[in-house]
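Welcome to this short tour. Please have your viewer open and your selection tool ready.

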Amino acid sequence: MATVPPPSSSPAIQYNSQRSLRSFLSKIPWKNQVYKTPSIIKTCQRLPQKLRTSQLQSIGITDEEGDKIRRLQNGSDVRGVALEGEPGRTVDLTPQVAQAIAESFGEWVTEKVVSKNGGGDVAAGKRVHVSVGRDPRLSGPRLGAAIFSGLAKAGCEVIDMGLATTPACFMSTVLSLFNYDASIMMTASHLPYTRNGLKFFTKEGGLRSSEVEEICERAARKYVARKFGIGVGSGMPPSVKRVDFMSAYAAHLRNIIIERIAHPTNYETPLTDFKIIVNAGNGSAGFFTWAVLDKLGADTTGSLHLDPNGMFPNHTPNPEDSKAMAMTREAVLTNGADLGVVFDTDVDRSGVVDCTGVAINGDRLIALMSAIVLREHPGTTIVTDARASVGLTEFITAQGGHHCLYRVGYRNVIDKGVHLNKDGVETHLMMETTGHGALKENYFLDDGAYMVVKIIIEMVKMRLMGSNEGIGSLIKDLKEPAESVELRLNIITQPKYAKEKGSETVQTLKQYIQEGKLKGWELDTCGDCWVSEGCLVDTNEDPADIDAYMYRAKVSDEKNVQHGWIHIRQSVHNPNIALNMQSSIQGGCKSMTRDLLDSFLLASGLKEFLDISQVEKFAKM
């Protein structure tokens, strides 16, 4: 029989007929789960978690298609290009990909529910409930339909929350009257409008990197098989229920403010006589103005970009964005506001501007939240990523707290706080310098709106106690570095090799430092927090997953006096390496950059696959 040529867009296949291919794959054992009840016998036939690579290769099918899904994993999230229009990038987060990932998540959640309670409601014929929210990106509705379909294929009951926030998606798993089993948020945070992504939650919180990797592996195998018409199946018919969860979430936030302020004269409207500016950046945060602040009596006149717009026409929705902060500062000063608030697209991050126009983000925001939390929980430990300044450590210590520096990545920082609490180390605040922040009192959830709620409560209490100072007065003792610089090394290679090359670069720098090839550089253990090797490896009994390699080194002058530090890490979002450095002296960052360029980047030969132009430009300034 003649060999059938493969389609040009598919991996190379060598087999005698389409029928023989199907016959071969039909012999691969499928995964069956049977639940028996007095009234129902339910059989859910699914694809296996892994179609073994050797089985596929034996008939000539390579796994390039599956790698497309694996590369979408970004730590604990999935992110990709969902729309045309980004130079040099092709669409890789398609509806077909989203469907496979959602179906795999639905299966994974169902298995967890069954494992946890021995079947429980699932064994009784009830389906696992998964809510789905999205930010206003233009690709949201189309990807959403695919996600609904994927979850339905997995046998889940699908709940459509519509326009929502990332924290709200998690809260839909714990608030009464909802109490769903899991949730998916469609967002790519502050990335361009062409991007989109998925964040996953169960009642235990956001998924860890290893769990997302498992789900993407399942999805990759499904995707490869379906490219050849294998294991498609009819699935269960979609059943999508629309709910207005954001109103319930807003009411939840309002009740927290009312109860904790307990205003003596304006109990139900404790924000009366306060002016608060909200900059929603055309993302999902507009609700915080009309559904929270306005209903509590605040004057929000002058608020910015409240209407959702998936093109984000005014500025990047990001509390780290200089334009966003500048526009908010101007609005605060023009309107004589007591506070300005900047949210990112999906509201898991925030920053503020005080009444004097001072931007409070990064280390300043961590210091502000530390001051508030340490008033409530004296002596508590505060976890941050390793890019935090020496001045922040001194500030937290002076306030009576303990500072644990840990790996970059909001999920890493939050998980460290969870582990510390389990080990008996009271840890109430976990924050990353990007604005992600989580509190023990709020399910260890990084919720930008909840952070602002805490700040607003403190602001009102200060006035009730007779203070005329703004919220910024709480961090007046914070010492800031003389210099702070961030540079990027773009990795010039095929996307599938980028992670490998990034790891090679970071590990080679570690080796150079250990061998003394960079004079005055020493790997930093980042404090007494059970972390060794520069924020890489936990030495306790429950080591953290490593989603990207990174190290921090402290740098001293010829007199062995430390003047700064440098942090190098793989980006989990893009094919590049981030370099962060701070110095207590003017010119210190440039000196470190020159050492890095001359004694490492040029000497190691790594520039063959690294674009070092940013480093060269800064070193020569």
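Helices (H or I, at least four residues) and strands (E, at least two) are DSSP runs numbered from the N terminus. Residues are numbered from 1 along each chain as its sequence is written. The model is predicted, so local features need pLDDT of at least 70, side-chain atom pairs count only at pLDDT 80 or more, and totals for chains, interfaces and linings use all residues; side-chain values use heavy atoms, leaving out hydrogens and water.

Start by selecting residues 245-261, which form helix α9, with 17 residues. Its buried residues (under 20% relative accessible area, 1.4 Å probe, protein chains only) include Phe 245, Met 246 and Tyr 249. Show β6 (157-163), α7 (166-171), α10 (287-293) and α15 (448-464) next: the buried residues of α9 pack against them, with contact meaning heavy atoms within 4.5 Å.

Now zoom in on Phe 245, buried at 0% relative accessibility. Phe 245 and Tyr 249 are 4 residues apart in α9, about one helical turn. Their ring centres lie 6.5 Å apart with planes at 20°, so the pair is stacked (centres within 6.5 Å make a pair of Phe, Tyr or Trp rings, the last by its six-membered ring; planes under 30 degrees apart are stacked, over 60 edge-to-face, the rest tilted).

Notes:
Expected span 1.5 Å × (residues − 1). Buried < 20%, exposed > 50% of the residue type's maximum accessible area, 1.4 Å probe, protein only.
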